[in-house]
Amino acid sequence: ARVAIVRGLVEVCGPTTEGEIAAELAMTTSQAAAALEALEGEGTVLRGRFRTVAGPGEGLEKPDTVEWCHRRLLARIHRLTIEGLRRQIRPVDVATFQRFLARHHGLHPGTQRTGTGGLFEVLGMLQGLDVAAGSWESDLLSSRLTGYRESWLDELTLSGEVGWGRLYPSAGAIERARPMSSLSRTTPLGMFLREDLGWLSRWGRPPDPEALGATARDLFDRLADGGAQFAADLLEPTGMLPDQLNNTLGELVRRGLVTCDTFAGIRQIVAGTASRRGRRGRRNRSRRPVGGAGRWSVWRRGEEDQAGRVGDDEAEAARVQRAAETEALEQWAWQLLRRWGVVFRDLLAREPGAPKWWQLLGVFRRLEARGEIRGGRFVEGPGGEQFALGETVRRLRQLREESEGSAMEPEVLVLSAADPLNLVGIITDSGRVPSTAQNRVALLDGRPVAAVTGGELEWLDELD
């Protein structure tokens, strides 16, 4: 009888406590607790901390007392709460969003990071992107870090915290490439935190060593069988000349098959052999390691397929596979939030390795339901659902108030077109600027106003 009475009360009273139910129905607290636990076993009520109270400081806090609420009422309250939070959001224009991104990535004066710790943070924000090899240090890292030094990146790669390689080799680019064509400044390469490589490469296209030529395949097989080796140790067994070895290593890198434990190898291969003629005939021997510093090795992408570890139990294998995919999707959702602050479908045009939007959408909605992120309309213009971190919403509001307040000094920012923040034509009405290292984009107060494409200046907006 007590269970039936309590069931009738919780259907109409919303979140409540054991003490409140005991006082309302003239029973002891232990009797109310026993009835609520019986209803919890039926799946009728849920326990938790649902209401907020005024805390000793500013803001609201959740009480320490455990509360109970009917499942149907709790779902309705939660839905109304989310709708109310979305109505409170006032979207900003695209220019304000671009100003936020400049500060978020450290491109605005006074927001740059420094040291190996700052570099680790920057690479954690940029991982999952394939950018032109020659642009990583000259355009991306040097503009985000104060006093950037190449030794910082070598320190992180040698310690095993950071790795590099071509994350997402495209089939078309590889088929069009000539055999033995080496790495160039425009070849896309990615940097990543090694602990995140498993989920970063989950939706990428795996490289195929069968398409290699005879020379490159021989070098690949030697690295696969012999493990990591210095480039100088490969000269004698392969019978290659130093420049030929550099070209072959560059071909394997371009196809996403090998990597090196430092970035120095890429610097030397990308630099090419322009100064080779100037070194001929010199009496003194200069230090010039073949293949750069560090050991070359076959790139092992991510972890082994866990589905193969569970024996003949197909149901267990399928469960493990689904769990791994769910985890990878959630990791990608957080990565996009770290990179952009606000995530919407149009931004995936700059994310070749990310999952599809329909796959990410369910993860974002689940994170919003947990209260970990916000959903709504944060940026005017782009269509579809948008999701953001709570801190991002506050910073966007602050930037909007600054632009609407007193007259601010004009902000001019010049970006390499290879920078992921080149969103011209993606979230703006103007045409796209090709993402090549030679091109440049100029932003005035977050608005794209000019671009240099193929060495020619193009005005994107009218200026006084």
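Modeller: Helices here are DSSP runs of H or I with at least four residues, strands are runs of E with at least two, and both are numbered from the N terminus. The model is predicted, so local features need pLDDT of at least 70 and side-chain atom pairs count only at pLDDT 80 or more, while totals for chains, interfaces and linings use all residues. Residues are numbered from 1 along each chain as its sequence is written, and side-chain values use heavy atoms, with hydrogens and water left out.

The helix I take is α15, residues 314-340. Its 27 residues reach 39 Å from first C-alpha to last, close to the expected 39 Å, where the expected span is 1.5 Å times one less than the number of residues. Just after α15, Gly341 has a positive phi of about 80°.

Buried means under 20% relative accessible area, exposed over 50%, and partly exposed in between (1.4 Å probe, protein chains only). The buried residues of α15 include Ala317, Val320, Ala328 and Leu329, and among them are also Glu330, Arg339 and both Trp332 and Trp340. An α-helix has 3.6 residues a turn, so residues three or four places apart point the same way.

Contact means heavy atoms within 4.5 Å. The buried residues of α15 pack against four helices, α5 (94-104), α6 (115-126), α10 (197-200) and α16 (357-370), and against the strands β11 (342-343) and β13 (386-388).

Around this helix, the chain has 17 helices and 17 strands, and 46% of its 464 residues count as buried. Of the contacts between residues at least 6 apart in sequence, 68% join residues at least 24 apart.

Now the rings. Rings of Phe, Tyr and Trp (its six-membered ring) pair if their centres lie within 6.5 Å; planes under 30 degrees apart count as stacked, over 60 as edge-to-face and the rest as tilted. The whole structure holds nine aromatic pairs. One of them, Tyr148 with Trp152, is edge-to-face, at 6.1 Å centre to centre and 85° between the planes; both residues are buried. Phe192 and Trp299 are stacked because their ring centres are 5.6 Å apart and their planes lie at 5°. Phe192 sits in β7 (188-193) and Trp299 in the loop between β10 (295-298) and α15, so this pair ties together parts 107 residues apart in sequence. Phe192 is buried at 1% relative accessibility, as is Trp299 at 8%. Ring pairs also link Phe97, Phe100 and Phe344 into a cluster.
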